[in-house]
Amino acid sequence: MTLASTATTGAPSGQRPQLVIDKVFKQFGVGPGAVTAVDHVSFDVKPGEFVSVIGPSGCGKSTLFNIIGGLLDEYEGDVLIERERIAGPHKAVGMVFQEESTFPWRNVIDNVAFPLELQGVNKSERLDRAHHFIDLVGLKGFERLMPSALSGGMRQRVSIARTLVFQPQILLMDEPFAALDEQTRLLLGDKITQIQQDLNQTTLLITHNLTEAVQLSDRIVVMTYRPGKVKRIVDIDLPRPRSSDVVSSDAFGHYVAEIWADLREEASRGMADSESARRGGSRG
Amino acid sequence: MASPSFSQSRAFPILLGASTFIGAFVALEVLLRYGVVNKYVVPLPSQVLMSLERIVVEENIVGRMRDTAWEMFVSCIAVIVLGVPMGALLYRWQPLRRALLDWVAALAAAPLVLAFPLFLVIFGRSATTVIVMSVITGLAPIVIKTTEGLLGVRSVLINVGRSLKMTDAQMLRMILLPAALPVIFSGIRLSWTFVLISVVGIEFLINLGGLGQLINDLAERYDLPGTYGAIGFVILVSVIFFMLLERVESWLRPAR
């Protein structure tokens with residue numbers, strides 16, 4: 001199997017991109033102390049495609065997530081959804097956050113039905129739809145439990161179901177499995193792959209986990225350490241439907257090794273930077 | 001030692017509380033009877049117990065409890081109605097918070113009860129004076145705790161709301177207030193403690209109305225068992241208020 005990697009910033013031709021990130025630039029602060037978090041990042045995501053953005057800590061992944069999600073509205077460049085430039089949170093984007101984000105005062109079904117409640121959907125319909133997505137994320141039977149009674153992985157699935165329930169065109173996830181152990185991460189990865197395939201859900205995953213990115217994605221955008229630029233975009237040509245079994249294949253190992261070669265350089269820069277900052281801090 | 005299953009039963013805390021009360025009652029009785037504590041300062045608990053029937057029959061205790069409970073109820077509701085929005089306002093508007101939060105905290109420590117002559121001039125010797133003074137006394141903790149609770153809401157929950165394009169009012173009602181509820185309730189408990197003390201204290205000071213006035217009257221008659229018995233009724237009213245608050249809290253805050 002050939003490892004198809006591309007240095008271009010666009011999706012393969014043939015289908016119009018659903019999400020376009022065009023020369024996005026974001027700087028925090030002004031003057032000599034200003035930090036460039038995202039430096040003219042461009043890529044796009046086609047309908048039904050699963051794209052991951054991977055990079056070392058400090059490469060501006062979360063800044064990019066917040067910009068695409070409309071939570072950060074002062075930036076240069078464009079984020080376009082179906083050719084419309086977004087300003088603020090967009091109804092087509094559903095966000096899943098890294099931190100635990102279920103509402104502890106609502107049980108599972110009320111958490112999942114929350115977006116529908118905001119939309120004014122009547123109770124019976126919103127419960128029906130919530131049940132469907134609870135089932136989809138494998139939490140049938142847990143509807144009446146409070147989040148405190150669930151494990152971290154289950155709570156994250158509640159968050160995912162809550163996001164999927166209003167059927168966003170684009171699912172945007174920021175390291176949703178970061179707090180989970182490796183086995184749960186792989187199993188949840190299976191679940192996400194299955195859901196993404198079942199719903200043909202356009203998905204953009206922000207992650208620093210290499211195996212997770214390769215396991216789930218059609219394409220991987222590799223970012224440089226600060227300032228965050230697109231280093232390259234790698235097409236993942238692994239068969240679909242895909243499951244966590246794919247991690248034992250040779251092709252998977254090749255992709256991981258190839259992307260790690262790029263990432264190692266960036267991660268080393270990040271680590272050196274962090275160590276030098278600590279040394280500076282301890283002297284100060 | 002109680003077995004783990006019994007100590008976790010619902011009856012255990014009630015029995016423990018009752019036996020602690022009875023133990024303290026008996027210990028005080030013994031100390032007084034053997035002269036370790038002066039009988040002319042602290043009445044015998046058994047005398048206090050026997051005085052209850054007398055003050056119920058002779059001192060219109062039901063009517064007095066009703067008056068005090070009503071003043072407490074109005075004051076307790078008023079501190080919530082005023083305090084939570086004030087706390088939310090301080091949360092929402094940072095300059096106001098920076099300007100006022102220290103003053104609000106200072107208000108909690110101020111001996112407002114000493115300003116009762118001023119309130120008597122404004123509102124007269126009436127239940128209004130008791131209620132207004134009690135509300136002002138109880139306001140600071142709930143305002144501070146509401147602000148603190150709202151400021152402590154995890155940013156990810158706010159981001160969930162923003163990602164769902166919630167309006168400010170929806171955000172406050174459906175995310176901020178429910179998330180801050182545990183802290184707000186600790187403020188309510190503190191405020192209500194201040195309010196309940198204040199209501200009885202001001203009734204005592206201005207010699208008006210309910211149980212506070214009764215305590216004043218009985219103390220002036222040097223009826224020590226009756227005085228302590230009346231204090232027992234104040235405790236009873238307070239217990240009822242806090243039991244109600246606990247019910248409301250457990251209804252609003254299912255197990256998290």
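Analyst: Strand E2 (residues 19-28) of chain A runs antiparallel to E3(A), and seven bridges join the two. Within this pairing, A:Ile21 has A:Phe43 of E3(A) as its bridge partner. This description rests on a predicted model.

The pair belongs to an open sheet of four strands in chain A, arranged in the order E3-E2-E5-E6 with antiparallel pairing. Strand E3 (35-45) and strand E6 (84-85) of chain A form the edges; each has a single partner strand, so one side of each lacks a neighbour in the sheet.

Helix H1 (residues 61-68) of chain A packs on this sheet, where it touches E2, E3 and strand E5 (76-81) of chain A. The direction of the helix makes about 120 degrees with that of E2(A). How many of the eight residues of H1(A) are buried? Seven of the eight are, so H1(A) is largely enclosed by the rest of the structure. The buried positions in H1(A) are A:Lys61, A:Thr63, A:Leu64, A:Phe65, A:Asn66, A:Ile67 and A:Ile68. After H1(A) comes A:Gly70, which has a positive phi, near 80 degrees.

Nine residues from domain 1 of chain A and ten residues from domain 2 of chain A take part in the contact. On the side of domain 1 of chain A that touches domain 2 of chain A, helix H5 (residues 182-199) of chain A gives the most, with four residues. By class, that side of domain 1 of chain A comprises seven nonpolar residues, one polar and one charged.

Chain A has a mean pLDDT of 87, with 94% of its residues at 70 or more. In chain A, helix H2 (residues 108-118) has the highest confidence, at 96, whereas strand E1 (residues 5-6) has the lowest, at a mean of 40. Over residues 1-12 of chain A, pLDDT stays under 50, and for this stretch the model has 24 contacts beyond four places in sequence.

Note on methods
Residues numbered from 1 in each chain as written. Chains lettered and ligands numbered in written order. Predicted model: local features only at pLDDT ≥ 70, side-chain atom pairs only at ≥ 80, totals over all residues. Contact = placed C-beta atoms within 7 Å. Nonpolar A, V, L, I, M, F, W, Y, C, P; charged D, E, K, R; others polar. pLDDT = per-residue confidence, 0-100. Pairing = 2+ DSSP bridges. Axes fitted to C-alpha atoms, helices over the stretch in contact; angles between N-to-C directions. Buried ≥ 20, exposed ≤ 12 C-beta atoms within 10 Å, placed from the backbone.
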